[in-house]
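User: I'd like to go through this model and ask what stands behind each term. Could you take me along?

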Amino acid sequence: MKQEEIIKRLKILKVTSDIDNQYIADYLGMTNKRSVANFLHNDYRLSEEKRRKAEELICDLWEEL
C-alpha cells in the first residue's frame, strides 16, 4: 500500500473508529502522537517496518467498519 493510501485510510479510521494519534503511535512504535500528526500531514515518511504495521492496523480496524 502506498503511503498516500495509508494516510487516507488512517484519517478515515480516526473519524469512524474513534482512534487517536496516540493509539496509532503506540501501535506503530512511534515516539509520540506528534510524529503521527506529522506523518498524516505528509511531513514524515514511514520505514518499511512501520508501513507494515500501519497496513496491519488498517486491515484490523477496517474489518470492524
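User: What makes a residue count as one that Met30 touches?

Analyst: Contact means heavy atoms within 4.5 Å. Leaving out residues up to four places away in sequence, Met30 touches Ala25, Ser35, Val36, Phe39, Tyr44, Leu46 and Lys50. This is a predicted model, where local features need pLDDT of at least 70, side-chain atom pairs count only at pLDDT 80 or more, and totals for chains, interfaces and linings use all residues. Residues are numbered from 1 along each chain as its sequence is written, and side-chain values use heavy atoms, without hydrogens and water.

User: How do you know which residues touch the most other members of the largest nonpolar core?

Analyst: Such a core is a set of buried Ala, Val, Leu, Ile, Met, Phe, Trp, Tyr and Cys residues joined through side-chain atoms within 4.5 Å, buried being under 20% relative accessible area with a 1.4 Å probe, protein chains only. Of its 17 residues, Ile6, Leu10, Ile24, Met30, Val36, Phe39 and Leu40 touch the most other members. Helix 1, helix 2, helix 3 and helix 4 each give two or more residues to this core.

User: Why is the charged end of Arg9 said to sit over the ring of Trp62?

Analyst: The rule asks for CZ of Arg (or NZ of Lys) within 6 Å of the ring centre and within 35 degrees of the ring normal. Arg9 meets it, with its charged end 5.0 Å from the centre of the Trp62 ring.

Notes. Buried < 20%, exposed > 50% of the residue type's maximum accessible area, 1.4 Å probe, protein only. Helix = DSSP H or I, 4+ residues; strand = E, 2+ residues; numbered from the N terminus.
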